[in-house]
Amino acid sequence: MRKPVMAGNWKMNCDSDEARELADGVVAVAGQVEAADVIVCPTAVALTTVAASVKNSKVAMGAQNLFWEADGAYTGEVSAQMLLSAGCEYVLCGHSERRGRFGTLDEADADDLAAVFGDTDATVNRKARAALAAGLKPVICCGELLAERQAGNTDEVVVAQIKAALCCISAEDCANVIFAYEPVWAIGTGEVCDGDEANRVCGLIRATIAGVLGDQVAEDMRVLYGGSVKPDNVEGLMAMEHIDGGLVGGASLKADSFGDLVKAAEASAAG
Ligand code: PGA
């Protein structure tokens, strides 16, 4: 039985005061939840503030990104060790807003803000490995662009991302890995992926993991869905066989709506 997860990705929202207020709110509504893992991912500058808010609760903290070197001349970057010492337990790796996939984008999309940070399958893998080596749990994101879905390439894209992400990661390390399927066209658009289709792709992710690391690793792996998850659609998603939780942007920015999502995750554990 896989423990459900509800993770809030606050993206570039909330200054330190707002982050404290939101984290306090999440602790108030979900601070004692045991049946599901609850994760909040504030900006890097709000991590220490949020760490203090969640300290005596069951709410865990994650960062939104990392760099794979431990320290050195890497202006603007933050290492896994630094995130760990700031109180992080998790870190997102390869969120689509950080992946630059110019090779698969139309010319017109080269200016797309969603592709400015340049993560590739290879750098996502390096980040995930650095996270694991430091004792952080990577939440590795994958998902197809709208153009890739329309061209019928969803499965091929997702399988390639998963295989690349798993390079040099052992079965043992996988106990500390979470995957998140986030179709890019469903993120922040209000357009949630149909539950059956999201479940199908999450099942494909699980089958791909099984092919690389064996059935038991795949069976134990938590696979989340992300992309316009809201209180009114979460129950249907959580009922799906291969969906073990949500990675949530917009609806994680209000403690009440995030609390409702956590309740749905908890209920799915009971059911
Ligand atoms: P959304 O974002 O819930 O606002 O669609 C999800 C994500 O990007 O993780």
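Helices (H or I, at least four residues) and strands (E, at least two) are DSSP runs, numbered from the N terminus.

1. Basis of the model. The model is predicted: local features need pLDDT of at least 70, side-chain atom pairs count only at pLDDT 80 or more, and totals for chains, interfaces and linings use all residues. Residues are numbered from 1 along each chain as its sequence is written, and side-chain values use heavy atoms, with hydrogens and water left out.

2. Ligand shell. The ligand has 13 residues around it, of which K11, H95, E182, G188 and S228 come nearest; a residue is near a molecule if one of its heavy atoms lies within 4 Å of it. By class, this shell holds 4 nonpolar, 7 polar and 2 charged residues. Here Ala, Val, Leu, Ile, Met, Phe, Trp, Tyr, Cys and Pro count as nonpolar, Asp, Glu, Lys and Arg as charged, and the others, Gly among them, as polar.

3. Polar atoms at the ligand. Oxygen atoms of the ligand lie 2.7 Å from a polar side-chain atom of H95 and 2.8 Å from a polar side-chain atom of E182. For G188 the backbone supplies the polar atom, at 2.6 Å from a ligand oxygen atom. Taken alone the ligand exposes 280 Å², and the protein buries 96% of that (accessible areas come from the Shrake-Rupley method with a 1.4 Å probe; for residues, only the protein chains shown count as cover).

4. N9 is placed in strand 1 (residues 5–9). N9 counts as buried because its relative accessibility is 4%; buried means under 20% relative accessible area, exposed over 50%, and partly exposed in between (1.4 Å probe, protein chains only). A polar atom of the N9 side chain lies 3.0 Å from the backbone nitrogen of K11. K11 itself is in the loop between strand 1 and helix 1 (16–30), and its phi is near 50°, a positive value in a residue other than glycine. Not counting residues up to four places away in sequence, N9 touches C41, Q64, L92, H95, L247, V248, G249 and S252, where contact means heavy atoms within 4.5 Å.

5. S228. This residue is found in the loop between strand 7 (222–226) and helix 9 (234–238). S228 has a positive phi of about 60° although it is not a glycine. With 9% relative accessibility, S228 counts as buried.

6. E144. The loop between strand 5 (137–142) and helix 5 (146–150) contains E144, which at 0% relative accessibility counts as buried. The E144 side chain makes polar contacts of 2.8 Å with the side chain of Y181 and of 2.8 Å with that of W185. A polar contact is a pair of N or O atoms within 3.5 Å; within protein, one must be able to donate a hydrogen and the other to accept it, and residues adjacent in sequence count only if both atoms are side-chain atoms.

7. Nonpolar cores. The largest nonpolar core has 71 residues, and those with the most contacts inside it are M6, V50, F179, I205, I209 and Y225. A second, separate core of 13 residues includes C41, C141, I178 and A180. Such a core is a set of buried Ala, Val, Leu, Ile, Met, Phe, Trp, Tyr and Cys residues joined through side-chain atoms within 4.5 Å.
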